[in-house]
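Open the model in a viewer and keep a selection tool ready. The stops below say what to select and what is there.

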Amino acid sequence: MPDVMQTNRKCPRRIAQAVISSLKGGVVPRVGLPYITVGRASEIEALLRDVEIIGEGGASFRFIVGRYGSGKSFLLQTIRNNVMDRGFVVMDADLSPERRLQGTRGQGLATYRELISNLATRTRPEGGALTLVLDRWIDAVRSDVMTQTGLDMGSPAFHGEVEKKIREIISSLSQMVHGFDFARLITLYYRAFLADDDEMRGRVIKWFRGEYGTKTEARQELGVNVIITDDDWYDYLKLFAMFFRLAGYNGLLIFIDELVNIYKIPQSITRNNNYEKILTMYNDTLQGKAQYLGILMSGTPQCVEDTRRGIYSYEALRSRLAEGKFSREGSRDLLAPVIRLEALTSEEMMVLCEKLADMHADLYGYRRAVTTQDLVTFIRIEYGRIGADSHITPREVIRDFIELLDILYQDPAKHVAQLLGSDEFSYAKSEAVSDEIMDEEYADFIL
């Protein structure tokens, strides 16, 4: 077989393992995306332009729309990783029957809890970063006070100056809805931090996570008369966005996937309550009622465009989100609220498969056996299947290709052409594999 080109950028084996395992399982890896990213340059550029505006005190709301397996989650994860590197805090959650934006049994609060649980920064990308953010902010304030006043931590006046500085910083939050109580909890956390009172710190974190079930419980343990509820949890996300900015971060981006779970709600009143919550978020970002906040939601075309049950069934949203007369496939408006993902081209998929082939070979320590000719044939077969022009997705192609690589690795005696010429693939050969690209070894197996 002819030699094949190897990529210059080596992926660490632990990351390669996570990437390969995730993709074979049909899920988007949390790490290693830069090693396999292809296409989507225009979409990424448009979303990162939003990020610049958010960092300057603005806000943004976008819908990412695409079929199952089209790369919605991959795009969201790519943006997530990118903005963490740019100094933003991120939160993400997948909606489900138990997690909605609004509900009668706490489903909205469940979504808030998931978002807080997945709060992540560059130094804690896996989530659970709320305590880290608070502790580092307090350390930064103390350092500033020492620099500005010349006092050291042992000075009797030092802690008073720190608390004064904290009150000055968070005073702007008091002007926002629920801001006074939010600022009070921040102060309580500092006092517990100062006293090395882990129990009280834990109670404050419990409150921020929305885990207090009754006001009575919160009053007994913290002395506050409010709790985060299913109705007001979004107001606290706006407060967090402002606080993170005060704490030295550039802002907050929230990623919410699987909007289809709202579409599947059978009761129209409950669906509309969820769409009303989306409308509130959308209006806040466009009307300047939120700052340093970006929201990205993703779903299938049906769950957005269906005028009977989807987002477009809610007239106030449909009138805001529907495309104008000039946007169409090949000429999209990427500044619009809704970004529709076009399918990756066969050329882009071939580049992706080549990256995966190199990564797989490096991970398992063998010389890559899949040639450029093999890649061409594989892609032509995949894209030549009946209905592939409208139904094939990157997820399906990637899973097929990794399975092919795994089989070849486990059984070196097998030939790529032998697998591509098997019954599972050969039915598509008449449309997928032209005589011009088939050499004798493929003809032996396929013709």
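**Stop 1: α15 and α16**

Select Ser346, Met349, Met350, Cys353 and Glu354 in α15, which meet Thr372, Leu375, Val376, Phe378, Ile379 and Tyr383 in α16. Contact here means heavy atoms within 4.5 Å. Sorted by class, this contact of α15 with α16 has eight nonpolar, two polar and one charged residues. Ala, Val, Leu, Ile, Met, Phe, Trp, Tyr, Cys and Pro count as nonpolar, Asp, Glu, Lys and Arg as charged, and the others, Gly among them, as polar.

The model is predicted: local features need pLDDT of at least 70 and side-chain atom pairs pLDDT 80 or more, while totals for chains, interfaces and linings use all residues. Residues are numbered from 1 along each chain as its sequence is written, and side-chain values use heavy atoms, with hydrogens and water left out. Helices (H or I, at least four residues) and strands (E, at least two) are DSSP runs, numbered from the N terminus.

Now show the whole of α15 (residues 346-364) and α16 (residues 372-383): they pack at an angle of about 130°, with their axes 10 Å apart. That makes α15 oblique to α16. Axes are lines fitted to C-alpha atoms, for helices over the stretch in contact, and angles run from 0 to 180 degrees between N-to-C directions. Angles under 35 degrees count as roughly parallel, over 145 as roughly antiparallel, 65 to 115 as roughly perpendicular and the rest as oblique. The α15 and α16 crossing is right-handed; a crossing is right-handed if the near helix is turned clockwise from the far one by less than a right angle, and left-handed if anticlockwise.

**Stop 2: α6 and α7**

Go to helix α6 (residues 158-170) and helix α7 (residues 179-194), whose axes come within 10 Å and cross at roughly 160°. That makes α6 roughly antiparallel to α7. Their crossing is right-handed. To see the contact, select His159, Val162, Glu163, Ile166 and Ile170 in α6 with Ala183, Ile186, Thr187, Tyr190, Arg191 and Leu194 in α7. These residues divide into seven nonpolar, two polar and two charged.

**Stop 3: α5 and α10**

Next take α5 (residues 130-149) and α10 (residues 233-246), packed at an angle of about 40° with axes 10 Å apart. The two helices α5 and α10 are therefore oblique to each other. α5 passes α10 in a left-handed crossing. Select Leu130, Val133, Leu134 and Trp137 of α5 and Phe240, Phe243, Phe244 and Leu246 of α10, which make the contact. By class, the contact of α5 with α10 has eight nonpolar, no polar and no charged residues.
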